[in-house]
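Thanks for coming, everyone. Please have a look at it first.

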Amino acid sequence: MRFPSDSSDAGSDGGPAADGGRASGSSISVHVFAERLTELLQGRPDPETGKPYSSERMAALLTGRGVRMSGTHMWHLRTGRAVPRLTEVVAFAEFFGVGLDFFDPAIAPELLAQWRLAGELRSHGVEEVALRQLTDQFPEQDRPHVTDAILGVLQGFKALRAADGRGGQNAPEQS
């Protein structure tokens, strides 16, 4: 799979692709990239807000990881109006924990299907199964209190991480 270099047709400002959606000399479709990026952004909400990442927030997080990006360029990427640079594709893949092939239209359909299934399972309470296993060792009447206590500890931990500047698991490393 080939991607445009950082000095591609998109320009350093990340403006719209000049060729209507395919990077010159590249096998990436900006429209497929935008679709897959949207899938990632909506499938893993921002741990600080619980909502999908905004363009500004995602740009700030990637800039904090050394990949300079504006909110406008991020918006262009997620709407198919800009050709992603290799450094940006790598940064998204690392941030969300997927391989580069996730963005390749020829290879990734089955990976995308697996990603969607995992998102569906998450949204249907797979975490609750794990929580239930933790609480099953307690008497029935105590389980709601134990569940509340465990969730309280987890929320407290997330709050401490956020206050510490580390946010969730995908937060930028502090130096």
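Start with Arg 57 and Asp 46, whose side chains form a salt bridge with N and O 2.6 Å apart. Before going further, keep in mind that this is a predicted model. The pair joins distant parts of the chain: Arg 57 sits in helix 2, while Asp 46 lies in the loop between helix 1 and helix 2, and 11 residues separate them.

Are these two residues buried or exposed? Asp 46 counts as buried, because its relative accessibility is 3% and the cut-off for buried is under 20%. Arg 57 has a relative accessible area of 25%, so this residue is partly exposed.

Arg 57 has a further partner. It also makes a salt bridge with Glu 48, and here the closest N and O atoms are 3.3 Å apart. Glu 48 is partly exposed, with a relative accessible area of 47%. Through shared partners, the salt bridges join Asp 46, Glu 48 and Arg 57 into one network.

How many salt bridges does a search of the whole structure find? The search finds three.

Now let me step back to the overall layout. The protein has seven helices and zero strands. Along the sequence, the pattern reads α-α-α-α-α-α-α. The protein has 175 residues, and 38% of them count as buried. If we take the contacts with a separation of 6 or more, 57% are between residues 24 or more positions apart.

Next, how the helices pack. I will take helix 1 against helix 4. Their axes come within 11 Å and cross at roughly 25 degrees. What does that angle say about their directions? Angles under 35 degrees count as roughly parallel, and helix 1 and helix 4 are therefore roughly parallel to each other. The crossing of helix 1 past helix 4 is left-handed. On the helix 1 side, the contact is made by Phe 33, Leu 37, Leu 40 and Leu 41, and on the helix 4 side by Val 89, Phe 92 and Phe 96. Sorted by class, that contact has seven nonpolar residues, no polar ones and no charged ones.

Helix 4 also packs against helix 2, the helix that holds Arg 57. The axes of helix 2 and helix 4 come within 11 Å as well, but cross at roughly 95 degrees. That angle lies in the range of 65 to 115 degrees, so helix 2 and helix 4 are roughly perpendicular to each other. Helix 2 brings Met 58, Leu 61 and Leu 62 to the contact, and helix 4 brings Ala 91, Phe 92, Phe 95 and Phe 96. By class, this contact also has seven nonpolar residues, with no polar and no charged ones. Phe 92 and Phe 96 take part in the contact with helix 1 and in the contact with helix 2.

That brings me to helix 3, residues 71–78. How many of its eight residues are buried? Six are, and helix 3 is mostly covered. The buried residues are Gly 71, His 73, Met 74, His 76, Leu 77 and Arg 78. And what covers them? The cover includes helix 1 (30–43), helix 2 (55–64) and helix 4 (86–96). Just after helix 3 comes Gly 80, which takes a positive phi of about 75 degrees.

Val 146 and Thr 135 are 11 residues apart in sequence, and their C-alpha atoms are 6.6 Å apart in space.

To recap, the points to take away are these. Arg 57 is bridged to both Asp 46 and Glu 48 in one network. Helix 4 runs roughly parallel to helix 1 and roughly perpendicular to helix 2. Helix 3 is mostly covered, and helix 1, helix 2 and helix 4 are among what covers its buried residues.

How values were computed:
Residues numbered from 1 in each chain as written. Predicted model: local features only at pLDDT ≥ 70, side-chain atom pairs only at ≥ 80, totals over all residues. Heavy atoms only, no water. Buried < 20%, exposed > 50% of the residue type's maximum accessible area, 1.4 Å probe, protein only. Helix = DSSP H or I, 4+ residues; strand = E, 2+ residues; numbered from the N terminus. Contact = heavy atoms within 4.5 Å. Axes fitted to C-alpha atoms, helices over the stretch in contact; angles between N-to-C directions. Parallel < 35°, antiparallel > 145°, perpendicular 65-115°, else oblique. Left-handed = near helix turned anticlockwise from the far one by under 90°. Nonpolar A, V, L, I, M, F, W, Y, C, P; charged D, E, K, R; others polar. Salt bridge = Lys/Arg side-chain N within 4 Å of Asp/Glu carboxyl O.
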